Amino acid sequence: MRRALALLVALAVAAVLAGCSGGGLGENTDQQVVPPPDRKAAPKVDVPALDGDGRVNLASHLGTPVLLNFWASWCEPCQRETPELVAFAKRHPKIDVVGLAVNDIPADARRFARREGVPYELGLDRDADAAGQFGVNGLPVTAIIDADGKLAATFIGEISDAQLESFAKQLGG
């Protein structure tokens with residue numbers, strides 16, 4: 001029984017590490033968003049703000065497209081993509097960028113965000129509940145949500161500036 005449990009834990013750790021090792025779509029900048037009539041409502045997100053002041057609620061962004069990024073300070077691909085997300089947020093004020101630190105130590109996540117100069121709203125998904133609702137199995141993952149609160153696309157892995165720009169163009173941002 002112990003051996004089976006140890007194997008299960010080892011497989012779970014390997015899956016998490018594999019998810020946090022990239023595995024995105026590379027330089028594929030042609031990923032299309034789901035056509036509006038086929039989009040489903042994005043799961044609800046209501047988590048504590050990373051800075052401890054209030055909550056991050058996806059519903060408060062209705063009327064504006066949202067780029068929702070699931071990340072962690074310990075995730076190397078997340079660390080590499082953060083400067084792209086920061087630059088994107090500054091270039092596209094009509095698209096709300098929201099980051100959720102998943103399974104992270106709050107102080108580490110805050111320190112990382114401060115060091116990177118993250119200008120967008122950050123929440124803490126300490127137990128990965130919100131991530132689970134989006135089907136996140138590894139990090140990073142970026143969900144593209146339209147102004148009506150519907151899920152337009154999900155990008156698994158490290159996202160590039162070209163891919164971000166492609167999504168912005170398709171959402172009209």
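This is a predicted model: local features need pLDDT of at least 70, side-chain atom pairs count only at pLDDT 80 or more; totals for chains, interfaces and linings use all residues.
Residues are numbered from 1 along each chain as its sequence is written, and side-chain values use heavy atoms, with hydrogens and water left out.

**Figure 1. Overview of the protein chain, with five helices and eight strands.** Helices (H or I, at least four residues) and strands (E, at least two) are DSSP runs numbered from the N terminus. Along the sequence they follow the pattern α-β-β-β-β-α-β-α-β-α-β-β-α. Of the 173 residues, 45% count as buried (under 20% relative accessible area, with a 1.4 Å probe and protein chains only; exposed is over 50%, and partly exposed lies in between). Contacts are heavy atoms within 4.5 Å; among those between residues at least 6 apart in sequence, 73% join residues at least 24 apart.

Figure 2. Rings of Phe, Tyr and Trp (its six-membered ring) pair if their centres lie within 6.5 Å; planes under 30 degrees apart count as stacked, over 60 as edge-to-face and the rest as tilted. Phe70 lies in strand 4 (residues 66–71) and Phe134 in the loop between helix 4 (129–133) and strand 7 (141–145), so that the pair links parts of the chain 64 residues apart. Phe70 is buried, with a relative accessible area of 0%, and Phe134 is buried at 12%.

**Figure 3. Close-up of the aromatic pair Trp71 and Phe112.** The ring centres are 5.6 Å apart and the planes stand at 35 degrees, so this pair is tilted. Trp71 belongs to strand 4 and Phe112 to helix 3 (residues 106–116), 41 residues apart. Both Trp71 and Phe112 are buried.

**Figure 4. Close-up of helix 2, residues 76–91.** The 16 residues of helix 2 reach 24 Å from first C-alpha to last, close to the 22 Å expected (1.5 Å times one less than the number of residues). Helix 2 bends by about 35 degrees at Thr82, and Pro83 follows within four residues; the bend is the angle between axes fitted to the seven residues ending at a residue and the seven starting there. Buried residues of helix 2 include Pro77, Cys78, Leu85 and Phe88. Their cover includes strand 4, strand 5 (96–102), helix 3 and helix 5 (161–171).
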